[in-house]
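Biologist: I am new to this structure and would like a close look at a single part, namely the strands and how they pair. Could you take me through that slowly?

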Amino acid sequence: AAVPQMELLALSETADHHAQSTADADEPPPRQPMPTLLALATTDVASTATSLVNGDGNRNLFDGPRAQFDTPHGLAISAAGVVFVADTGHFCIRKIATTNVVSTVAGVGSSGSLDGMGTASSFNEPYGLALDSNGILYIACKGDEKIRTLDTTTSLVETHATTADGYVSAISVAVTPDGTGVFTADNFDRRVHAFGITQPAVTPS
């Protein structure tokens, strides 16, 4: 089925730790083994073929045009086409530029919960990502049960929500375009939480 006005789509899997992009094709391509990232530049998903973007299937923390990932999960795409990756196994946030060059924008490659600038900060199993129109990236950290934010302009990392705010353990996060409301899907208590938005009271059945 056609996807109207779609310029870029990213999908995440974890087995081969590499990235692929798509291009239009009349015939379906040979099946590729477990792609990690897919970049899609077409209005018709059914007419695309995949090609490698970055990564070689290994899991070292390498940046550049021949980067590597370790069990990446969440993805978010800016209006300019930059792809942000929650590199869960490397405990950091990576960025794929429109040239397909990868850089590490936040995190040190080891587990932690420090706020700070860029690679002076640390994460504990970053998982889900969401990006608002102000360039603030929201990060659901599965390992320490926190929602973190990364200002993609300044590289400042801060803690947005913790268990004290009612957040327990989410693997996915969504944000309103203006950043005033954040939603998390909590896989521990089987609920969806909202921060910054007044919701009608819900009584569990």
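Modeller: A strand here is a DSSP run of E with at least two residues, numbered from the N terminus, and two strands pair if DSSP finds at least two bridges between them. With that in hand, and keeping in mind that this is a predicted model, we can begin with the hairpin that β11 and β12 form, which has four residues between the two strands. In the turn of this hairpin, S155 has a positive phi of about 75°. Strand β11 covers residues 146–151 and is joined to β12 by four bridges, the two strands running antiparallel; within this pairing, I147 has A161 of β12 as its bridge partner.

Strand β12, residues 156–161, is also joined to strand β8, residues 116–117, by two bridges, again in an antiparallel arrangement, and here G116 stands opposite V157 of β12.

Further along there is an open sheet of three strands, in the order β13-β14-β15, with antiparallel pairing. Because β13 (170–175) and β15 (191–195) stand at the edges and have a single partner strand each, one side of each is left without a neighbour in the sheet. From one strand to the next, the twist of this sheet averages 20°. Looking at one pairing within the sheet, β13 and β14, the latter made of residues 182–186, run antiparallel and are joined by five bridges, and S172 has A185 in β14 as its bridge partner. As background, strands of a sheet pair through backbone hydrogen bonds, either parallel or antiparallel.

Definitions and conventions
Residues are numbered from 1 along each chain as its sequence is written. This is a predicted model: local features need pLDDT of at least 70, side-chain atom pairs count only at pLDDT 80 or more; totals for chains, interfaces and linings use all residues. Side-chain values use heavy atoms; hydrogens and water are left out. Axes are lines fitted to C-alpha atoms, for helices over the stretch in contact, and angles run from 0 to 180 degrees between N-to-C directions.
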